[in-house]
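Please keep the sequence and the model open while reading.

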Amino acid sequence: MRIVKTLVSVMLAIVLAVGMSAIAGAEARTDLVFALYSEPSALCGGFAASVSVNMVSRNLFDTLIIKENGEYIPGLATEWSWNEDNTQLTLTLREGVKFHNGETMTAEDVAFSYNTIIGAGYADTATSAMSDMAVVDDNHVVLTFKAEYGPALECVSSDYMTIFPKAYYEADPAGFIRNPCGTGAYKFVSWATGDRIAITANEDYWRGSPSIKDVTFRIMSDSNVATMALQNGEIDVHYMVPQTDIEIVKADPNLQYSEVVGNSTTWIIFNYNEGSRFTDENLRLAVAHAIDKEGVMLASIEGHGTVAEAIYAPFVPGYDQEYHGPAYDPELAKEYLAKAGYPDGLTVTVKTNSRATYSKPLEIVQAYLEDVGIHIEIEKMDSNAWFDDVFKGADYEMNLVSFSMGMADLEELYALYRGGQGQNFGNPNDPTVNEAYDINHTSVDPEVRAEAFKTVQHTMGDHALTIPLYSANNCLAANKNLQGIQADSMNEYSVFNWSWAE
């Protein structure tokens with residue numbers, strides 16, 4: 001018996017030793033599955049503008065300048081300088097950078113990328129003040145602006161300004177957005193429409209080889225399904241956690257969760273074209289005073305955000321934290337409604353984007369407005385039809401939008417709210433706002449630009465040119481073993497910065 005016990009003990013010891021050895025020698029994961037809440041329309045940020053586009057594009061492409069922790073640092077450009085009147089930015093290019101097809105990046109490629117994006121018109125937020133880019137020599141390019149431009153470096157560092165090979169693009173311009181080639185940390189592999197996008201590590205990346213080698217973006221329009229997939233281990237990163245799932249995620253020991261005030265703001269817009277009843281300031285003020293912003297925020301996103309006093313996220317430089325627009329006052333709302341000529345109320349038809357981000361807060365607003373005599377009839381539309389027919393087509397009197405900023409700057413909405421601009425679809429054209437936007441547009445003085453922001457914020461609020469409702473928090477849930485990951489105010493996530501715990 002003693003011999004048997006001894007043999008069992010020895011065998012157990014061997015098994016434990018082998019097991020511990022296997023654990024000690026286990027390698028960290030090298031793959032990652034990332035959930036996208038909508039399918040991107042392109043995989044290059046310069047040719048489309050959406051969170052899902054940039055989420056993929058950011059990993060495939062680099063920019064000349066990188067913005068990191070609020071500072072501008074070298075990217076594909078190692079240094080830069082301005083001419084005397086701050087209208088020309090000369091950039092020194094990093095040498096030896098390889099595109100994913102193996103070709104070396106040249107000054108001609110860089111200039112071609114910029115001029116193509118400027119001409120395409122999809123990235124007006126970043127390119128509206130840019131004239132063109134020219135090659136100086138093999139290692140230098142010069143970017144010319146139409147005038148001295150305050151947010152110039154912000155634009156150059158934005159996800160819109162991607163760099164790609166001239167010859168590769170010219171071979172198939174239409175196909176480029178689905179089969180891109182850049183200099184980024186990852187290379188494009190495949191795109192199965194409606195299902196997934198696969199990318200793989202660029203081992204020749206100028207910043208070093210990524211720790212995570214293979215990344216799959218799973219297209220999951222149902223964020224609740226994405227939460228279940230995260231809990232089941234089918235995906236590793238989920239940045240659109242529904243309000244109803246947040247506590248579930250927080251309680252899961254296998255997951256990590258973080259949130260921060262985000263770049264998405266929801267507000268009410270008005271049409272200022274001839275025939276719209278909301279050109280009357282009294283009617284707009286009636287709407288403004290009828291709405292309890294905090295109530296809308298609590299009901300729409302369950303408090304995971306902050307009440308907005310501007311159409312910009314509260315971390316944008318120049319945001320006046322002390323300012324408060326028209327306060328919730330139903331009786332005052334009724335007085336303004338009577339001044340506007342509607343003592344017995346009125347009915348407004350609102351065609352809304354069917355996504356809950358739009359339709360849910362609108363339904364809360366609908367209830368508040370009903371209390372003062374403004375009856376809202378809601379018609380839901382799919383996202384693309386709503387954007388083309390209602391927002392872009394200006395087929396509305398009043399509506400609700402939810403907008404995620406691509407740049408943390410007042411300039412981000414210049415094209416929408418500065419009169420006469422190409423994307424000024426609803427025709428807001430307030431002279432005070434226009435002047436302030438122009439000052440911000442051209443000045444490089446931070447104090448002058450901050451004062452311009454204050455003017456825009458106060459004027460829009462005091463006259464109810466828009467009605468800001470709330471800024472939502474950005475939340476992020478992920479596998480607990482993923483390192484270097486946390487919620488980001490701009491939803492700018494780079495897989496290159498992440499790794500798996502060993």
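Leaving aside its neighbours within four places in sequence, which residues is Lys351 in contact with? They are Glu379, Met381, Trp386, Val390, Asp395 and Asn399, where contact means heavy atoms within 4.5 Å.

The model is predicted, so local features need pLDDT of at least 70 and side-chain atom pairs count only at pLDDT 80 or more, while totals for chains, interfaces and linings use all residues. Residues are numbered from 1 along each chain as its sequence is written, and side-chain values use heavy atoms, with hydrogens and water left out.

**Lys351**

- Lys351 belongs to strand 14, residues 346–353; strands (E, at least two residues) and helices (H or I, at least four) are DSSP runs numbered from the N terminus.
- Its relative accessibility is 27%, so Lys351 counts as partly exposed; buried means under 20% relative accessible area, exposed over 50%, and partly exposed in between, with a 1.4 Å probe and protein chains only.
- Between the C-alpha atoms of Lys351 and Glu309 there are 25 Å, and the two residues are 42 apart along the chain.

**Aromatic rings**

- There are 29 aromatic pairs in the structure; rings of Phe, Tyr and Trp (its six-membered ring) pair if their centres lie within 6.5 Å, and planes under 30 degrees apart count as stacked, over 60 as edge-to-face and the rest as tilted.
- The Phe391 and Phe425 pair is edge-to-face because the planes stand at 80°, with ring centres 5.6 Å apart.
- This pair links distant parts of the chain, 34 residues apart: Phe391 is in helix 14 (383–391), and Phe425 is in the loop between helix 15 (414–417) and helix 16 (431–442).
- Phe391 is buried, at 16% relative accessibility.
- One aromatic cluster is formed by Phe47, Phe61, Phe112, Phe164, Tyr168, Tyr169 and Phe176.

**Charges over rings**

- Lys166 has its charged end over the ring of Phe112, 5.5 Å from the ring's centre; a charge sits over a ring if NZ of Lys or CZ of Arg is within 6 Å of the ring centre and within 35 degrees of the ring normal.
- Over the face of Trp191 lies Arg178, at 3.7 Å from the ring centre.

- Asn427, in the loop between helix 15 and helix 16, has a positive phi near 65°.
- Asn427 is partly exposed, at a relative accessible area of 32%.
- Asn491 has a positive phi of about 55° and lies in the loop between strand 18 (482–483) and strand 19 (499–500).
- Asn491 is buried, with a relative accessible area of 7%.

**Helix packing**

- Helix 16 and helix 17 (446–462) pack at about 160°, with axes 8 Å apart; axes are lines fitted to C-alpha atoms over the stretch in contact, and angles run from 0 to 180 degrees between N-to-C directions.
- Helix 16 and helix 17 are therefore roughly antiparallel; this term applies to angles over 145 degrees, against under 35 for roughly parallel, 65 to 115 for roughly perpendicular and the rest for oblique.
- Their crossing is left-handed, meaning that the near helix is turned anticlockwise from the far one by less than a right angle (clockwise is right-handed).
- Residues that meet here include Ala436 and Tyr437 in helix 16, and Ala452 and Val456 in helix 17.
- Helix 10 (281–290) and helix 12 (330–339) pack at about 165°, with axes 8 Å apart.
- The contact involves, among others, Leu283 and His289 of helix 10 and Leu332 and Tyr336 of helix 12.
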